[in-house]
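Work through the exercises below with the sequence and the structure open. Each task is followed by a solution in steps.

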There are 2 protein chains.
Amino acid sequence: MTASARYDVLALGHAIVDVIAHAEDAFLAEQGMTKGGMQLIDTGRARDLYDRMEPAIEVSGGSAANTAVGIASLGGQAAFVGCVADDELGRVFSHDLIASGVQANLATAPDAATGRCLILVTPDAERTMNTYLGAASLLGEQPLNEALIRDASILYLEGYLFSSPSNIAALRQAAEIAKQAGRQVALSLSDRFCVEAQRAALKDLIRQSVDILFANEPEITALYETGSFDDAVLHAGQHVAIACLTRGAGGSVIKANGTLIRIPAASVERVVDTTGAGDLYAAGFLYGYTQGMTLQQSGEVAALAAREIIGHVGPRPEVKLSELLAALA
Amino acid sequence: MTASARYDVLALGHAIVDVIAHAEDAFLAEQGMTKGGMQLIDTGRARDLYDRMEPAIEVSGGSAANTAVGIASLGGQAAFVGCVADDELGRVFSHDLIASGVQANLATAPDAATGRCLILVTPDAERTMNTYLGAASLLGEQPLNEALIRDASILYLEGYLFSSPSNIAALRQAAEIAKQAGRQVALSLSDRFCVEAQRAALKDLIRQSVDILFANEPEITALYETGSFDDAVLHAGQHVAIACLTRGAGGSVIKANGTLIRIPAASVERVVDTTGAGDLYAAGFLYGYTQGMTLQQSGEVAALAAREIIGHVGPRPEVKLSELLAALA
């Protein structure tokens with residue numbers, strides 16, 4: 001029997017502050033960016049791109065961190081493990097996490113800058129991300145808090161961590177610790193290009209450790225190298241206990257134990273910025289799931305949380321999601 | 001005859017990054033804050049208050065800087081003089097100013113942190129400000145760019161600068177240079193408590209140098225120590241060529257050369273955050289005025305710019321104001 005856990009979810013991911021500006025499609029083309037994707041950039045490119053960007057706002061982000069904040073906002077117990085630097089943006093990231101009610105377990109890397117993501121939001125509300133990892137890439141060089149991992153019902157990993165060898169090692173080690181403690185492991189595939197670059201390693205991890213998989217359509221079809229979403233759903237259903245697969249405005253499907261549940265996307269007045277939509281979907285699902293809701297109900301909470309986030313700029317909720325949830329019930 | 005000017009407006013003020021969070025009225029009371037006001041805070045208080053605040057967003061601010069950005073957004077030529085530090089927030093401030101099309105003339109103070117304003121937005125959309133000046137307070141210790149002042153039709157000063165002796169000296173010197181070059185001087189009273197603390201010095205400056213005065217009702221009645229707005233309007237009309245006096249949802253009046261023009265507030269669907277409303281009103285008026293519009297027209301542009309800013313979080317326009325203006329015409 002598994003010991004009771006202090007945290008519903010422990011999220012492991014890149015600690016990132018988002019720098020968000022509007023941009024035209026022409027700017028993306030001129031800068032050679034793939035719309036909707038994430039690419040890693042170095043210091044020089046980060047400086048050059050920032051110089052070319054419109055006025056921006058700074059707001060804490062990071063995929064798994066956004067998910068942890070979403071769970072806390074819904075009323076769940078969430079913790080986050082990441083790595084920042086001893087600088088202004090590191091303090092911003094830490095403050096926002098703690099103020100959101102997340103148990104922040106942040107390492108501080110010396111001689112580094114806190115990671116940031118230069119995000120361009122086009123008029124269609126799509127976000128295109130350029131990530132300078134900085135200190136976030138050094139997470140794997142810090143000792144893992146094993147007790148914390150054992151003390152969470154679910155370990156949630158972002159696929160973005162597959163960007164550096166030491167982070168991959170940390171992620172694998174964390175998954176092993178969780179499994180040995182009888183905990184469940186959830187993984188978000190994060191990005192289509194990450195999937196293409198790390199397909200074999202991701203498949204290995206999924207086969208060995210993952211119970212709950214989150215992915216959008218481009219990611220899951222990239223993983224299984226198929227042009228068919230339905231085909232990808234079938235594959236995912238064979239490899240994990242629960243697969244939550246999203247299709248933007250097309251809603252999502254949850255494949256679990258041979259059954260397929262369809263969740264419509266919650267209707268939204270105006271989509272402003274899709275940054276964080278997948279992160280908050282995962283937050284909603286994991287909150288519902290750890291509260292003992294049905295998969296259908298968990299999927300509906302997921303859609304509700306995703307809807308809140310795409311209605312404004314930035315990847316973190318502007319209102320207490322628990323209040324939205326209460327209003328729904 | 002006055003030489004033609006490269007800039008419509010040169011703004012002199014505190015270089016500040018805003019840190020904006022939601023807060024309940026009870027929090028303001030508990031923290032001993034006066035709602036709607038601005039108070040200066042030191043390093044320790046800034047740290048303590050930040051720790052107690054909700055998750056925040058960071059966005060460039062500073063009263064006169066917001067006005068400069070508004071003028072540029074409307075299509076005018078604006079410059080800004082201020083002082084930052086060599087840190088992340090300094091780079092954020094500089095980037096946002098330049099990306100907004102403002103000619104940024106920023107000094108960098110060593111051994112200081114860039115100024116920041118911890119802003120609490122209550123459910124009624126009122127903003128309450130706690131300013132840690134940092135490097136912004138060292139503006140007066142940097143050499144003034146005299147040529148730049150002579151090259152602007154209007155020198156715009158924020159009353160907030162009356163917070164340190166060296167900044168007051170710099171402001172007075174700048175006003176003298178502008179007058180000697182045959183330029184006009186505009187002043188915003190900035191804050192009711194600033195006015196009460198510096199009434200005599202402000203009156204001196206107004207008498208000696210100010211052509212265009214911006215103030216809201218609490219500020220102008222505090223300046224003339226009267227409970228009557230109409231009374232304050234009369235006083236202002238005797239001391240400056242143009243007085244632009246705002247009353248929030250009650251619109252504004254422009255008193256100039258013995259005539260009184262009433263400008264209704266532009267209607268707004270939902271007031272989200274009033275931060276920057278006065279700054280953008282000044283931007284709209286000064287843009288219209290320097291473009292040769294009538295006072296009535298300039299006041300209408302002012303109301304339009306203020307309306308844009310109160311419809312979202314943050315003190316800088318989210319859309320090109322020139323496009324809003326074109327849509328109006």
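**Exercise 1.** Find the bridge partner of A:A85 in strand 6 of chain A, then follow the chain from strand 5 to strand 6.

Step 1. A:A85 has A:A109 as its bridge partner in strand 6 of chain A. Strands here are DSSP runs (E, at least two residues), and helices are runs of H or I with at least four, numbered from the N terminus.

Step 2. Strand 5 and strand 6 (residues 103-109) of chain A run parallel, joined by 7 bridges; pairing requires at least two DSSP bridges.

The model is predicted: local features need pLDDT of at least 70 and side-chain atom pairs 80 or more, while totals for chains, interfaces and linings use all residues. Residues are numbered from 1 along each chain as written, with chains lettered from A and ligands numbered from 1 in written order.

**Exercise 2.** Is strand 5 of chain A buried or exposed?

Step 1. In strand 5 (residues 78-85) of chain A, 8 of the 8 residues are buried, so the strand is largely enclosed by the rest of the structure (buried: 20 or more other C-beta atoms within 10 Å of the residue's own, C-beta atoms being placed from the backbone; exposed: 12 or fewer; partly exposed: in between).

Step 2. A:A78, A:F80, A:G82 and A:V84 point one way, and A:A79, A:V81, A:C83 and A:A85 the other.

Step 3. Strand 1 (residues 7-12) of chain A also pairs with strand 5 of chain A, in the parallel sense over 4 bridges; there A:L10 is bridged to A:A79.

Terms used:
A crossover is right-handed if, with the strands pointing away from the viewer, the path from the first strand over the helix to the second runs clockwise.
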